[in-house]
Amino acid sequence: MFYFEKIDEKKILKSDLIKNAQAFFTTRDICICDKSLENTPLESTNTKIINQIQNDKVLIANYLKIASKNLISPTQTHSANIEIAKVTQHNYPDCDALILTDKNLGIFLNFADCTPVILYDEKQNIGAIAHAGWRGTAQKIAPKTVEKMVNDFNSKPQDITALIGPAIGFCCYNVGEEVLQKLSSSVKNFNGIFEIRQGNIFVDLKNINKQQLKEIGVTKIDVCSYCTVHDNNKFFSYRNENATTKRHSAILKLQ
């Protein structure tokens, strides 16, 4: 079950399925990523935004009890590329899932409608975060991340807990035929996770990811009910906010 907690009066979203690691989703209260700052000359950037992001990063790092330089994030490109986070590496280009094995690091990925998936294996004390927009979901990034945890670190799917966080909901996510076809081919059973409403196609991206995980043996799955469009007062929404550059984040730190 998901519930809100606070860091210095700023809300974060947690699940009671993971107790032995710090795994949570930020809300609009905390923003550690603004895409408007990418590829922008320093002199033209908004120093207020930069300072706020840096302050929020320090807030998260202090909460996780790590140095802010050890709170790392990849450059997300809607790929199915998976990397392993390392203390000696802070740049992960073209990467949409990070596996965490080092207790000295924290990882975060950023979202504003796409589906965040946090994975945690309590027995091996390793975890991961995957960025599953429709492209990543169609490429099965969440189960591929599980498979890498299994192959590289001896995890077992039944030992892995998955948190599927705030994302655009079944209520609001309408797509075209091409996207429907690609998503439907990513699961064995597509029943109940798409609908035609007044000629428009709607898909349930969160539950497609859940189905993918179930099909490879992950059974402990908590799916967040919050829709980033309907609950836009709590989370950022690219669709609902005219392509906002701000992002909320999925964050993981091992104990």
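This is a predicted model: local features need pLDDT of at least 70, side-chain atom pairs count only at pLDDT 80 or more; totals for chains, interfaces and linings use all residues.

User: How many bridges join E13 to E14?
Analyst: Four bridges, between E13 at residues 194-197 and E14 at residues 200-203. Within that pair, Ile196 stands opposite Ile201 of E14. The two strands form a hairpin with two residues between them. Gln198 sits in that turn and has a positive phi of about 50°.

User: And how many join E12 to E14?
Analyst: Two bridges, and those strands run antiparallel. Val175 has Ile201 in E14 as its bridge partner. Ile201 is also the residue that Ile196 stands opposite.

User: OK, zooming out. How many helices and strands does the protein chain have?
Analyst: Five helices and 16 strands.

User: What radius of gyration does the protein chain have, and what would a compact globule have?
Analyst: The chain has 17 Å. A compact globule with 255 residues would have a radius of gyration near 18 Å, so the value agrees with that. Along the principal axes, the C-alpha atoms fill a box of roughly 45 × 45 × 30 Å.

User: What share of the residues counts as buried?
Analyst: 53% of the 255 residues. As for the accessible surface, that comes to about 11,600 Å², and 45% of it belongs to carbon and sulfur atoms.

User: Of the contacts between residues at least 6 apart in sequence, what share joins residues at least 24 apart?
Analyst: That's 64% in this chain.

User: How far apart are the mean positions of the positive and negative charges?
Analyst: 2 Å, with 31 positive and 27 negative charges going into it.

User: Switching to the start of the chain. How many bridges join E1 to E2?
Analyst: Six bridges join E1 (residues 2-7) to E2 (residues 10-15), and the two run antiparallel. The hairpin made by E1 and E2 has two residues between the strands, and Asp8 in the turn has a positive phi of about 50°.

User: What about E2 and E3, how many residues lie between them?
Analyst: Five residues, and E2 and E3 form a hairpin too. Three bridges join E2 to E3 (residues 21-26), running antiparallel. Lys14 shows up again here, with Phe24 as its bridge partner in E3.

User: Now the helices. Which residues of H5 are buried?
Analyst: H5 covers residues 205-215, and the buried ones are Leu205, Lys206, Ile208, Asn209, Gln211, Gln212 and Leu213. Just after H5 comes Gly217, which takes a positive phi of about 105°.

User: Let's do some loops. Where does Thr228 lie?
Analyst: Thr228 is in the loop between E15 and E16.

User: Is Thr228 buried or exposed?
Analyst: Buried: the relative accessible area of Thr228 is 0%. Setting aside residues up to four places away in sequence, Thr228 touches Asp113, Pro166, Ala167, Ile168, Phe235, Phe236, Ser237 and His248.

User: And Asn233, buried or exposed?
Analyst: Asn233 counts as exposed, at 59% relative accessibility. Asn233 lies in the loop between E15 (220-223) and E16 (246-254).

User: Last one: where is Thr77?
Analyst: Thr77 is in the loop between E5 (71-72) and E6 (82-84). With a relative accessible area of 37%, Thr77 is partly exposed.

User: What is Thr77 in contact with, leaving aside neighbours within four places in sequence?
Analyst: Asp94, Cys95 and Asp96. Thr77 and Lys246 are 169 residues apart in sequence, and C-alpha to C-alpha they are 16 Å apart in space.

Key
Residues are numbered from 1 along each chain as its sequence is written. Side-chain values use heavy atoms; hydrogens and water are left out. Buried means under 20% relative accessible area, exposed over 50%, partly exposed in between (1.4 Å probe, protein chains only). Two strands pair if DSSP finds at least two bridges between them. The radius of gyration is taken over C-alpha atoms; the globule rule is 2.2 Å times the number of residues to the power 0.38. Contact means heavy atoms within 4.5 Å. Accessible areas come from the Shrake-Rupley method with a 1.4 Å probe; for residues, only the protein chains shown count as cover. Lys and Arg count as positive and Asp and Glu as negative; His and the chain ends are not counted. The place of a charge is taken as NZ of Lys, CZ of Arg, CG of Asp or CD of Glu.
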